[in-house]
Amino acid sequence: MWWFQQGLSLLPVALVVWSAASFLLSYVTATVLHHVDPLVPYISDTGTIPPERCLFGIMLNVSTFLGVATMYVRYKQVSALIPENSRMLRLNRIGLTLGWVSCFGLCIIANFQKCILYYIHVLGACLTFGVGAIYMLLQTVLSFRMQPQFHGKGIFWARLAVLLWSACSICSMFVSSVLLSSGLYGPGLVQKLHWDPQERGYTPHMISTISEWSLAFSFLSFFLTYIRDFQKVSLGAVVTLQGQAPSPPGWGQEEQGLLFPGSI
């Protein structure tokens, strides 16, 4: 059995691979069609103009679904491992809620393009990255509390490193974006698609775009740390039959009782 066939480890792998592909395919399409500059544009700029806008939206909507499923499985796993710790269960529920809010923000990013409804798009980005960073923080805290009984210390340190990477990217992107939107270098720079290296504001623009790409891939890296945990999780279903099923002639009461309940 291959490593990605163990448990539900394929779920976080699919989330990371599909999301990375949505960024890269829209970037390649936008660059080939000369809709953006090839040197590190904003991720959102690569999904602004058709046809890459359609590709960007569809693929990120699928990423939203995969993110919701991955976070739910993680929530159920933690709940099953620590059923008697009320404080950690509360953190786990809060983490699931924040994670789903972050996924909703990603859905907003996918469907409200930057050039059409800018402020709604920015709201989606704040929900995705801001609330998502808090989700990562809570999961890192849970990992710290669960070591070494349920997983090794390496998982905690890996998640902490990715969390710090994400925090640094958020800080640099926030500062550079505020400088661009302040009007210090001119108006309307945050929605500008083509840049000349000699223009004012080019340096904070590059810092902002690089930070955004760094932030996006730090989020994807965090979900990669779920693979080992998900290898220990399997998916099953329990079926309960309601009511009395008709029985063939000759069946006794004992044979009919075999119909209640069943499981697969």
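What pLDDT does the protein chain average, and what share of the residues score at least 70? The chain averages a pLDDT of 85, and 89% of the residues score at least 70. Here pLDDT is the predictor's confidence in each residue, from 0 to 100. This is a predicted model, where local features need pLDDT of at least 70, side-chain atom pairs count only at pLDDT 80 or more, and totals for chains, interfaces and linings use all residues. Residues are numbered from 1 along each chain as its sequence is written, and side-chain values use heavy atoms, with hydrogens and water left out.

**Confidence**
- Over residues 251-264, pLDDT stays under 50.
- For that stretch the model has 21 contacts beyond four places in sequence (contact means heavy atoms within 4.5 Å).

**Helices H1 and H2**
- Helices are DSSP runs of H or I, at least four residues, numbered from the N terminus.
- Helix H1 covers residues 10-32 and helix H2 covers residues 52-81.
- Their axes come within 9 Å and cross at roughly 165 degrees.
- Axes are lines fitted to C-alpha atoms, for helices over the stretch in contact, and angles run from 0 to 180 degrees between N-to-C directions.
- H1 and H2 are therefore roughly antiparallel (angles over 145 degrees count as roughly antiparallel, under 35 as roughly parallel, 65 to 115 as roughly perpendicular and the rest as oblique).
- By class, the contact of H1 with H2 has 17 nonpolar, seven polar and one charged residues.
- Ala, Val, Leu, Ile, Met, Phe, Trp, Tyr, Cys and Pro count as nonpolar, Asp, Glu, Lys and Arg as charged, and the others, Gly among them, as polar.

**Helices H2 and H4**
- H2 also packs with helix H4, residues 118-146, at an angle of about 30 degrees, with the axes 12 Å apart.
- H2 and H4 are therefore roughly parallel.
- On the H2 side, Met71, Arg74, Val78 and Leu81 meet Tyr135, Gln139, Leu142, Ser143 and Met146 of H4.
- This contact has six nonpolar, two polar and one charged residues.

- Isoleucine 170 is in helix H5, residues 153-181.
- With a relative accessible area of 26%, isoleucine 170 is partly exposed (buried means under 20%, exposed over 50%, partly exposed in between, with a 1.4 Å probe and protein chains only).
- Leaving aside neighbours within four places in sequence, isoleucine 170 is in contact with Phe129, Ala133 and Leu215.
- Glycine 183 sits in the loop between H5 and helix H6 (202-224).
- Glycine 183 is partly exposed, at 41% relative accessibility.

Notes: Helix = DSSP H or I, 4+ residues; strand = E, 2+ residues; numbered from the N terminus.
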